[in-house]
Amino acid sequence: MWRGGATTAFVARALRSRLLLDPIHHPVTSLAPISSARTSSSSTSSTAAANTIVEEAAVAAAVSVSQHTGSISDALRHYGKCYRELSKVRLSALVVATSGAGYVLGSGNIVDIAGLCCTCAGTMMVAASANTLNQLPPQNNSVFSLINNNAYFQVFEIKNDAKMKRTMRRPLPSGRISPAHAAMWATSVGVAGTALLAWKANGLAAGLAASNLVLYAFVYTPLKQIHPVNTWVGAIVGAIPPLLGWAAASTELSLNAMILPAALYYWQIPHFMALAYLCRNDYLAGGYRMFSFADPTGKRTAWVSLRNCLYMLPLGLFAYNWGLTSEWFSFEASLLTLGLTIGSLSFVLKPSPKTARRMFYGSLLYLPAFMAGLLLHRLPNEQKAHNLAEKSELDGVLYGADLQDKERATQKRQDRNPSSMQSRPPVAYASVAPFPFLPVPIYDS
């Protein structure tokens, strides 16, 4: 920017020095007799030189502006790509989808589109902040030392991600962005997302978002290098966004709000068990403690996956019995869960990368199909409809009470000041019939 401005200023000074003559060294000679031919040739040459200088100045200015514009666009493109990779857009989009599904399930007969959009936007910002902080593991591996040292935003190490093939090209391990910059980005979007949820939704939704952010960044992230229980803690983190959406729509949590969170919790176990089995060499190189490390044969990992698939079998029936969906969903959900269970059973019978990959891909297909069935066969939230009916009834009662109070106040004012009431003449109903011979009465106004 400064280089381009200096170039433009230099060109302008050169142009001015060549076009404007110095009055000391070039005195005015217009009074001297000069021949017309010499005057014509000198004026032509000076005009050509001036045009050339103007063209050079325009070219130089255009080059400087294009360089300046190019540098800005390159910076925006670079940091935009870094922010997108830090936020893990695809994973954040999945979190937003589950939160939006919870919002729709928690709504009544009519879904508030503006509220849905605000909830999804706030969830997206909080998820981007959590995913960024997840890539900034603290120097100490202990949660308690992290809290005692007050090192929430100390200098973060990125050696673990740099050792893994799956994560070494991320912005922090590759050095494309500094840890301080990434921490500032995570803080700003996290605060903005929580504030948006508190403003446009309610305090319960904002509290769930903030607690999930803390649980993911400051409990799950350090646990990845401490104990294999991090998988189950991460499953709790993944089950909270549907509750967030439900709370944003209905301002409360009920028993039927737990169907989609329970499905997400149990679904994440076989999904990540398959992933940990396929990438255990990478996780071992990165220093992460996964359940599959103590299971060289893969049998225990496969049995854990199968057990959690079996836990999902009655969820469709519960959704129907609790009035969340129609009876068709119970049948469809049972078929979907049965397919995923068969995949996990094949992993149990023959633990291998092929069967683990098959179960992993089956889990990728299961979740969107389950959520689509929930939304397709959902029944309106009766509790919210009942609350809305009670609210409208209460509003009607309050409105009637206000009208009665106004009428009483008006009557009291009239009783206190009877002279203010305008007297009206009586109406002569019998002025014509049945006695037409009587004169029509005349009253003073």
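In the predicted model, buried residues account for 38% of the 445 residues of the protein. The accessible surface amounts to about 26,000 Å², and carbon and sulfur atoms contribute 65% of this area. The secondary structure consists of 16 helices and 0 strands, and, among contacts between residues at least 6 apart in sequence, 74% link residues that are at least 24 apart.

The largest nonpolar core comprises 54 residues, and the members with the most contacts inside this core are Leu133, Leu260, Trp267, Met312, Leu324, Phe370 and Leu374. Helix α8, spanning residues 203-223, supplies the largest share of the core, namely 10 residues. Both domain 1 (89-143 + 152-252) and domain 2 (254-397) are represented, each providing at least three residues to this core. Phe370, listed among the residues with the most contacts inside the core, touches Leu260, Ala263, Phe329, Ala333 and Leu336 when residues up to four places away in sequence are not counted.

Asparagine 202 lies in the loop that runs between α7 (179-200) and α8. Because its relative accessibility is 13%, asparagine 202 is classed as buried, the cut-off for that class being under 20% relative accessible area. With neighbours within four places in sequence left aside, the contacts of asparagine 202 are with Leu197, Ala247, Ala248 and Thr251.

Definitions and conventions. Residues numbered from 1 in each chain as written. Predicted model: local features only at pLDDT ≥ 70, side-chain atom pairs only at ≥ 80, totals over all residues. Heavy atoms only, no water. Core = buried A, V, L, I, M, F, W, Y, C linked by side-chain atoms within 4.5 Å. Buried < 20%, exposed > 50% of the residue type's maximum accessible area, 1.4 Å probe, protein only. Helix = DSSP H or I, 4+ residues; strand = E, 2+ residues; numbered from the N terminus. Domains from an automatic or database assignment. Contact = heavy atoms within 4.5 Å. Areas by Shrake-Rupley, 256 points an atom, 1.4 Å probe, with all protein chains shown as cover.
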